[in-house]
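Welcome, and thanks for taking a look at this one with us. Have the viewer open as you read, and colour by chain if you like.

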Amino acid sequence: MTSWSLVLNSFRYYARSHIGTLLGVAVGAMVLVGALLVGESVRGSLRGMAEARLGKVELALPSNDRLFRAELAAQLQAYLGADTAALLQLPGVAKRPSGESRANNVVVMGVDDAFWKLALEQPKFTEIPEDSIVINERLAKQLNVEVGNSINLRVHNPSQLSRDAPMAPIEDSTASLAQMEVFAIVSDAQFGRFSLQASQVPPYNTFVPLSQLQDAIEKPGMANLMLAGKATKPSDDPLGQAQAALARHWQLADAQAQLLQLPGDKGIELRSPRVFIDPPLAKAALTVDTNASEVLTYFVNKIQIGERSTPYSMASALADFEPGTVWLNQWTADDLQAKVGDDVELSYYSVGTMRQLEERTGQFKVGGIIAMNDPRSDITLMPDFPGMTDSENCADWDTGFPMDLDAIRDKDEDYWDTYKGTPKAYISLATGQEIWSNRFGSLTAVRYAQNGSEAQDALGKQLLANITPTDAGLTFQPARSQAAASVNNAMDFGQLFMSFSFFLIAAAVMLISLLFQFTMEKRTRETGTLLAVGIPARRVRRMLLLEGGLIAIVGCIVGAVAGTFFAETLLNALSTNWKDAVASATLTYHSSSSAVGTGMSMGFFVALATIWWSLRKLKKQTARELLAGETQEQGNPKNTAKRSTIIGVVLILAALGSIGAVLADGGQMSPNSFYGAGAMLLLSGLALASARLKRLANAGALGQAESLSLRALGKRNAARRSRRSMATIGMLACGSFMIASIGVFQKDAETGADQPTSGTGGFELMGEASIAIVHDMNNPTNREDFYSIDEEALKDVSFVPFRLRDGDQANCLNLNLAQEPRLLGMRPETLAGRFSFIDTMDGLEPGDNPWSILESAREALKLPADVVPAIADQSVMMWALSGGDMMKSKKLGDTIDYTDEHGNPFKIQFVGQIADSIMQGNLIIPESDFIKRFPSESGYRVFLIDNPGERTDEVSDELNVALADHGFEWVSTTRRLGDLNAVQNTYLQTFQVLGGLGLLIGSLGLGVVVLRNVQERKSELALLRAVGFEKSAIKRFVLSEYLGLLVGGLLIGTMAAALAVLPTMLSPTADVPYSLLGATLGGVLLLAGVWTWIATNLSLRGNLLEGIQKD
Amino acid sequence: MAEDNAVVLRLDAVHKQYESADRDPVPVLKGITLTVNRGESIAIIGPSGSGKSTLLNILGSLDSPTNGSIQLDGQELAHLTEQDLASVRNKKIGFIFQSHHLLPQCSVLENVLVPTLAENGKAPAGAVERAKQLLDRVGLGHRLTHRPAQLSGGECQRVAVVRALINQPSLILADEPTGALDHSNAESLADLLVELNRDEKVTLIVVTHSTDLAARMGTTHQLQDGTFASNAA
């Protein structure tokens, strides 16, 4: 005989009594296990998606518009011993030739057989035949195509010379691949999901032969994305290993540079297909040979002396010339009848933001005339301007800006025929760099006074030794570890569902507590006996706790089994009714022993803690009391009733006072103040109910005797166990309050959508292009000239453009944690008065236009050069960048790490926070910083449209047609906001449903209380029967007193909730889910009523008089 | 010294009153003084509300006096902690209640052994043998594995008596031990108590309404309005 055997005996003997407690534990464990399994399933599904999208890829080298040799991949493969593949990945638009369906934001990838080797599962083919296309399942569905159908593609043509740069052509900004026959539709595992960006939504992927895509954009042999699998050579630093391999094998062509032997042994020249030499490359070029000559050749609109002018000419800036002078070649001097000392005006275009051309002029004096046979009259000084160099005639030039073709004379055409782009004017290098430098560079060539192929090779090696691949924008990224980080730090749905299930768990805890207490109360004499025979009180409590532990273990096992079904039910709901909560991601059930184990452990500890809490009052009871079967409640009811009344009254006054103060102040009916007042009313109601019960329990016999009635007796009976009664009232009131008032947080995108300070910013449309727009869309001439837009349709319409650096969506529509969020570059004046600022960083003065802090922050906060200020949505900072973990939320002043186009790390610092808006998902930085960090990201891809005429459909239709080649996706701002709000609204709905379920289970508690109370009062009820009351009357009497508790609890909760949600209910666009609320509260009322009725009948069945006979 | 060794229990001016929040304190015991020698058998009788059970609870350290002193085997109980009192109850006192208070989940043998778990949660060596002997002695040797629900009221009360004896206490306190039994079982239990008092030399204090049972005790004290009214040999 041991204490343990006594515990086991008790557990077995009282097994039936423990069933209720056990079920309570099982409900708690089921909820916890279920929630954790949902979390594990979401994580597992995201992990599966990440596996599918990356296949066997470990590292990736994306270079966007900076192209490198595709053969570099094969060279690295040999060196690293890893599978590698070179791709050409371009944004594009896909449509059926018939035009019946189209898809924007399509990712077009030129691939070869090496690519498919990196997929999780290799498709049956290895090569895609010419004129064929492979697409993924999502695109096939969107276009409604199958194998054998045809698709037309239009893709972005990456220009080495940025589209934002001066003289950048516009004609070849896109290329097309027509009548591509669908060769195969690949599954997710076959790289159908391939993407470097973490998202649960697969992109529209298309795959075409690499060589065909290279030919289509006229970049044979080039690629802009390299993938590498796991290296066979083990390394602690695979990223460093790959970067080292890159540095070993790369060539000048990969750095967008080339060395040319100039004709006539005039030296070797370094030039770039980007026209302007990247500053790091220029620096390296001058380091290699300090005697090298620098060249900056620019296109001038006009060389003018007085009334005479020469149109559209090349001009070079070289070190040989004096500042302030211009030397003309003989042809130009003749054309202008110029002589030394004449004043000359050079007109040229400078490209501003949104490719706004600004014609500027420079004043010079003629310093000399250069003969046409002078070595300085050099045809090779003109860089290879795409769209110009290969033109037959001046009239065919594609300079990217409007030209006055009438100004081109025959003699100008003759000059082009004879001398091509030989500069007509020469100025000093310093002056040239002062007026023509731009963010792309300040040199178009560097010349070395060396000749011959050996010298050329040596120079090439020296150049590569002085520049790193990172300088040229070639940096490997740890794709797999980034994917792992985004999944591992993704929104934890386990925690989310645990919080949604708060009331379910609370209901379970209440049931465990009530039922275990009741079981213990039945055994008070037994406990008293153990104490009386000298078993120490601590050991008695420990034995009872052990017995409770056994119940908890069995309950948790039952709960774990039920939890797996609960999880599957929740996942099913997340795939159907609650699909907005997971942005329509396809989730699959993932079993996890650790999730089950953790859920069971948590359930066990919750149950054990509750049981321990239930046992704590044993401490206060003596053996004598227990032997007498006493289970008295503690405390002086008189004092506590008084205290509760005071608290209740103070809270009511505070609730009314807070609303009165706001209204008297002429303030808005802020939802927060009403919610606070509602919460105070709830607590006040509970305090007053408690006071009432205690007062009834304490009612003096003399005072009550005169007014004694059966009804009064019933009320006093409800107060008999005031703590039990308050537990049920409290549960019902708090539950109904939370569930009814949570509706106040439902967000409606339509409310105030036309206000500039709303979440839509007062804009009507939001658009995102696959292929950037470089021109100012607010300029009607541009709209007509470049896009043939019907001006009438866009009358009074204004555009706010944003530059876009693609990255991970940092909003609630992305379940993964954004590693490098999307960046939007904008000019603060374009958003003046738009959206609502919640806060800005200390030290900044928002003034009339808080967006201006983006430009003032650098100086005001003395930001270091590697810090870029940013503004983001509250939800982005609070949730999206923290994976839903409040502890990791970003605050103003916090920074996140980012990498620029050249591979240089920099920090983005949050200096302002706006209320939730359509900008969610992006970090907004100043355009000036954007173009500095990402000079190759030309043009604008995101637009907000203000359309005062409310012709939203008409405008979007016109834009869809006119900008079709740019793959625009236009969406109304209210829909966009609605999509974002839908996630939060679905969370709230989920909370309401699970909370309602918890409340329904909690209502069981009322039944239990009735059952127990009536059991305790059996002799008293028997007395009523003995003195002549009908059994049915006694039933009614019992039922009415407990229904009073039920209705009281619900009334307190719903009245407080009504106050809390008053502003929302009064709002004309309120979207309060009355039906769901009505069904929930009605269901609770009905079910709790049924429990009470059943409990009353169960308690009063049989011969009541036996009770009194036994006594 | 020899006389002191003979004294098991000494009560000196013991008072007990119950406090109430809204009424005056209710006195129950008003200065009880009593000396009980080893091997004595005492009956305490009195009408309902006279304070019999309160006195017995105080004697058994289940309750504490408001004033006065209680010494058990020379040890002042008022100075002991709750844990020490539990130890005193376990080692020196055996309780027999009107209702047997057997644990329904335990067998007869286990019920008897329950007090032996107080020390370290395990019945000490020899306890089972002693329990069996005692149960044999009260005629329940054949009922060792039965549960209380399978026994008659008289049998249950005999098990409760054995449970009270298992730790060889110096004092047995019985509160209306025959109150829930029929005449025959009450007679039988009274025989058993007298026999144990005689053979085991255990001191016995019985609170009872039963004059028959009281008559079989060596001394009877009449409790009335919180004080001993008279003694009868």
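Here is a short briefing, which starts with confidence and then goes through each chain and the contacts between them.

This is a predicted model, and the predictor gives the complex an ipTM of 0.86 along with a pTM of 0.76. Chain A has 1111 residues, and 26 of its residues are in contact with 28 residues of chain B. The points below take these parts in turn.

**Confidence in chain B**

- Chain B has a mean pLDDT of 86, with 94% of its residues at 70 or more.
- Among the elements of chain B, the lowest mean pLDDT, 54, belongs to helix 1 (residues 2-6).

**Chain A as a whole**

- If you are planning a box for chain A, its C-alpha atoms fill roughly 135 × 70 × 55 Å along the principal axes.
- The secondary structure of chain A consists of 35 helices and 29 strands.
- Buried residues make up 52% of chain A.
- Take the contacts in chain A between residues at least 6 apart in sequence: 82% of them join residues at least 24 apart.

**Domains of chain A**

- Chain A is split into four parts: domain 1 (1-44 + 494-632), domain 2 (59-250), domain 3 (253-468) and domain 4 (765-981).
- Domain 1 is written as two segments, 1-44 and 494-632.
- Between domain 2 and domain 4 of chain A, the C-alpha centres are 27 Å apart.
- Where these two meet, 20 residues of domain 2 of chain A are in contact with 18 residues of domain 4 of chain A.
- On the domain 2 side of that contact, strand 3 (84-95), strand 4 (102-111) and strand 6 (150-156) of chain A each supply at least two residues.
- By class, this side of domain 2 of chain A has 11 polar, five charged and four nonpolar residues.

**Where chain B meets chain A**

- The contact between the chains involves 28 residues of chain B and 26 residues of chain A.
- On the chain B side, helix 3 (82-92) and helix 4 (108-113) each supply at least two residues.
- Helix 3 of chain B gives the most to this side, with seven residues.
- The side of chain B that touches chain A has 14 nonpolar residues, plus seven polar and seven charged ones.

**A sheet in chain B**

- Four strands of chain B form an open, antiparallel sheet in the order 2-1-4-5.
- The edges of the sheet are strand 2 (26-37) and strand 5 (75-76) of chain B, each of which pairs on one side only.
- Strand 1 (residues 7-18) and strand 4 (residues 67-72) of chain B run antiparallel and are joined by five bridges.
- To find a place on strand 4 of chain B, look for B:Ser69, which stands opposite B:Asp12.

**A closer look at B:Ser50**

- B:Ser50 is found in the loop between strand 3 (41-45) and helix 2 (52-59) of chain B.
- Is B:Ser50 buried or exposed? B:Ser50 counts as buried because it has 20 C-beta neighbours inside 10 Å.
- Not counting residues up to four places away in sequence, B:Ser50 touches B:Leu223, B:Gln224 and B:Asp225.
- B:Gly226 is 176 residues away from B:Ser50 along the chain, yet their C-alpha atoms are separated by 5.7 Å.

Note on methods:
Residues numbered from 1 in each chain as written. Chains lettered and ligands numbered in written order. Predicted model: local features only at pLDDT ≥ 70, side-chain atom pairs only at ≥ 80, totals over all residues. Domains from an automatic or database assignment. Contact = placed C-beta atoms within 7 Å. Nonpolar A, V, L, I, M, F, W, Y, C, P; charged D, E, K, R; others polar. pLDDT = per-residue confidence, 0-100. Buried ≥ 20, exposed ≤ 12 C-beta atoms within 10 Å, placed from the backbone. Pairing = 2+ DSSP bridges.
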